Amino acid sequence: MKNLYDAVSHFKSDIYPGLSGLFNELASSQAPNVLFITCSDSRVVPSLITDASPGELFVLRNVGNIVPPAEQAGDGESAVLEYAVKALGVGHIVVCGHSNCGAMHGVVSPGNLATLPHVAGWLKNADETAQKIKESLPEADEATRWKAAIELNVVSQLDNVRSYSFVADALEAGSLQLHGWVYDIAAGEVVDYDSERGRFVEYEG
Ligand code: ZN
């Protein structure tokens, strides 16, 4: 672990000077075109995998890249979604799950959450995914169920994002597109949900 204060000094002296023009421009306003929803996992670095500069991604992160549906919304996730769509007018929302997601491991093996009551409580928002995995893969080994949960959760969260009226309105108007991704940490690859084929595929450009 680097010393955080040394890292901030390094940023100020060695990194900021090359970007000072951009940061001065961004200081008074932001106009990101993408809301990127992903897991809190330290191995997922949105700006790195999308080659984004400061100001380009509005980001929502939590355990398991979850957005509770409109009828169960708390304040946090729905506020980010509302601000992104209504105030910033983003043109794209990406829900990005990832390989080896600890949250989705908890969904398929909830016994591991016995000492983590807050995590267990939050993951109740992924009950639908847990139920679908139980029904569709009753005999599968844990690794198979885990991978399936990672993908199914992304699809389920896209449905939840669509449940907000302002998202539905923007989709209807054609000003917003939704994307479901799974990022493979070891391979450095992203697969994209193809709603017509009902599966994740490599991006075909
Ligand atoms: Zn995760």
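In which sense do S3 and S4 pair, and over how many bridges? The two strands are parallel partners, joined by seven bridges. Here, strands (E, at least two residues) and helices (H or I, at least four residues) are DSSP runs numbered from the N terminus, and two strands count as paired if DSSP finds at least two bridges between them.

The legends below describe a predicted model, in which local features need pLDDT of at least 70, side-chain atom pairs count only at pLDDT 80 or more, and totals for chains, interfaces and linings use all residues. Residues are numbered from 1 along each chain as its sequence is written, and side-chain values use heavy atoms, with hydrogens and water left out.

**View 1. Six strands form an open sheet.** Reading across the sheet, the order is S2-S1-S3-S4-S5-S6, and the pairing is mixed. Strand S2 (57–62) and strand S6 (199–202) are the edge strands; each has a single partner strand, so one side of each has no neighbour in the sheet. On average, neighbouring strands are turned by 30° against each other, direction ignored. Such angles come from axes, which are lines fitted to C-alpha atoms (for helices, over the stretch in contact); they run from 0 to 180 degrees between N-to-C directions.

**View 2. Strands S1 and S3 are parallel partners.** Five bridges link S1 to S3, and Val34 stands opposite His92 in S3. His92 also stands opposite Gln177 in S4. S1 pairs with S2 as well, in the parallel sense over six bridges, and the partner of Phe36 in S2 is Val59. Six of the six residues of S1 are buried (under 20% relative accessible area; exposed is over 50%, and partly exposed lies in between, with a 1.4 Å probe and protein chains only). S1 is therefore largely enclosed by the rest of the structure. S3 is mostly covered too, with six of its seven residues buried.

**View 3. Strands S4 and S5 run antiparallel.** S4 spans residues 177–184 and S5 spans residues 189–194, with four bridges between them. Take Val182 as an example: its bridge partner in S5 is Val191.

**View 4. Helix H3 packs on the sheet.** This helix covers residues 76–87 and touches strand S1 (34–39), S2 and strand S3 (92–98); contact means heavy atoms within 4.5 Å. The direction of H3 makes about 170° with that of S2. In the loop between H3 and S3 you will find Gly89, which is partly exposed at a relative accessible area of 45%. Leaving aside neighbours within four places in sequence, Gly89 is in contact with Asn33 and Ala84. Gly89 and Gln30 lie 59 residues apart in sequence and 11 Å apart in space, C-alpha to C-alpha.

**View 5. The largest pocket holds about 250 Å³ of space.** A pocket is an open set of points on a 1 Å grid over the protein atoms alone, where a 1.4 Å probe fits and protein lies on both sides within 12 Å along at least five of seven lines; lining residues have an atom within 4 Å of a point. Grid points are joined across faces, edges and corners, and the volume is the space filled by probe spheres set on them. Of the 13 lining residues, Ser99, Lys147, Glu151, Val182 and Asp184 lie nearest the centre. Helix H7 (142–162), S4 and S5 each supply at least two lining residues, and H7 gives the largest share, five. The lining has seven nonpolar, two polar and four charged residues (Ala, Val, Leu, Ile, Met, Phe, Trp, Tyr, Cys and Pro count as nonpolar, Asp, Glu, Lys and Arg as charged, and the others, Gly among them, as polar).

**View 6. The second largest pocket holds about 210 Å³ of space.** Its lining includes Val34, Phe36, His92, Trp181 and Tyr203. S1, S3, S4 and S5 each contribute at least two residues to this lining. By class, seven lining residues are nonpolar, three polar and one charged.

**View 7. Asp51 and Asn65 have positive phi values.** Most residues other than glycine have a negative phi. Asp51, with phi of about 55°, sits in the loop between helix H2 (46–49) and S2 and is exposed at 68% relative accessibility. Asn65, with phi near 40°, lies in the loop between S2 and H3 and is buried at 1% relative accessibility.
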